[in-house]
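Visitor: I am new to this structure and would like to learn how to read it. Could you walk me through some features, one at a time?

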Amino acid sequence: MSGRRGPAWRVRRGWLWLLKNTLNRVTTPMARAGVGPLALVRHVGRKTGRRYETPLLLARLGDDFVAELTYGPDVSWYRNVEAAGRCEVVAGGRVFAIDRIDVLPAAEGLRAFGYPAAWVLRLLRRRDFRLLRRAE
């Protein structure tokens, strides 16, 4: 079976399920409390209408935030935010409204993360960045 429902798709879905049900359960409270480099993206499900919180490593770029799409643009949090056109970021214990998301060139995204994170992202060949723009 090829395409979206083939073996590679099943492995990817399994991996994302594992992250959601293990790592995210540990990192979400830390991000909510403003502990460490984690931030939360609060978004509404495009199908369910339910509110979600997804922990991410975000970099600051001026007043905005940069997200590296480790698992690509097909992950639920990103698709939800893209569909809604907005979300909230909780960083350092503060809540920021986001009202626009732009594709960010890889060079700018890497610069935003700084050393050593940018070095690691280069080694991992990460090139998919989004700029989460704060609402004015």
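Visitor: Is L104 buried or exposed?

Guide: This is a predicted model, and in it L104 has a relative accessible area of 6%. Buried means under 20%, so L104 counts as buried. You will find L104 in strand β5.

Visitor: How far is L104 from R130 in space?

Guide: The two are 26 residues apart in sequence, yet their C-alpha atoms are 5.1 Å apart.

Visitor: Now the strands. With which strand does β5 (residues 94-104) pair?

Guide: β5 pairs with β4 in the antiparallel sense, over 5 bridges. Look for A91, which stands opposite R94 in β5. The hairpin of these two strands has 2 residues between them, and there G92 takes a positive phi near 60°.

Visitor: What else pairs with β4?

Guide: β1 does, also in the antiparallel sense, over 4 bridges. In that pairing V41 stands opposite V89 in β4.

Visitor: How many residues of β4 (residues 87-91) are buried?

Guide: 4 of its 5 residues are, so the strand is largely enclosed by the rest of the structure. As a general idea, side chains in a regular strand alternate between the two faces of the sheet.

Visitor: Let's turn to charges. How many salt bridges are there?

Guide: The general idea is that side chains of opposite charge can pair when their charged atoms come close. Here the count comes to 9 salt bridges. One of them joins E88 and R51, with the closest N and O atoms 3.9 Å apart. That pair links distant parts of the chain, since E88 is in strand β4 and R51 in strand β2, 37 residues apart. E88 is partly exposed at 28% relative accessible area, whereas R51 is exposed at 53%.

Visitor: Which residues are linked with E88 and R51 in a network of salt bridges?

Guide: R32, R42 and E53 are linked with them in that network.

Visitor: Where do R133 and D102 lie?

Guide: Their side chains meet in a salt bridge at 2.5 Å, N to O. R133 lies in strand β6 and D102 in strand β5, so the pair ties together parts 31 residues apart in sequence. R133 is partly exposed, with a relative accessible area of 26%.

How values were computed. Residues are numbered from 1 along each chain as its sequence is written. This is a predicted model: local features need pLDDT of at least 70, side-chain atom pairs count only at pLDDT 80 or more; totals for chains, interfaces and linings use all residues. Side-chain values use heavy atoms; hydrogens and water are left out. Buried means under 20% relative accessible area, exposed over 50%, partly exposed in between (1.4 Å probe, protein chains only). Two strands pair if DSSP finds at least two bridges between them. A salt bridge is a side-chain nitrogen of Lys or Arg within 4 Å of a carboxyl oxygen of Asp or Glu.
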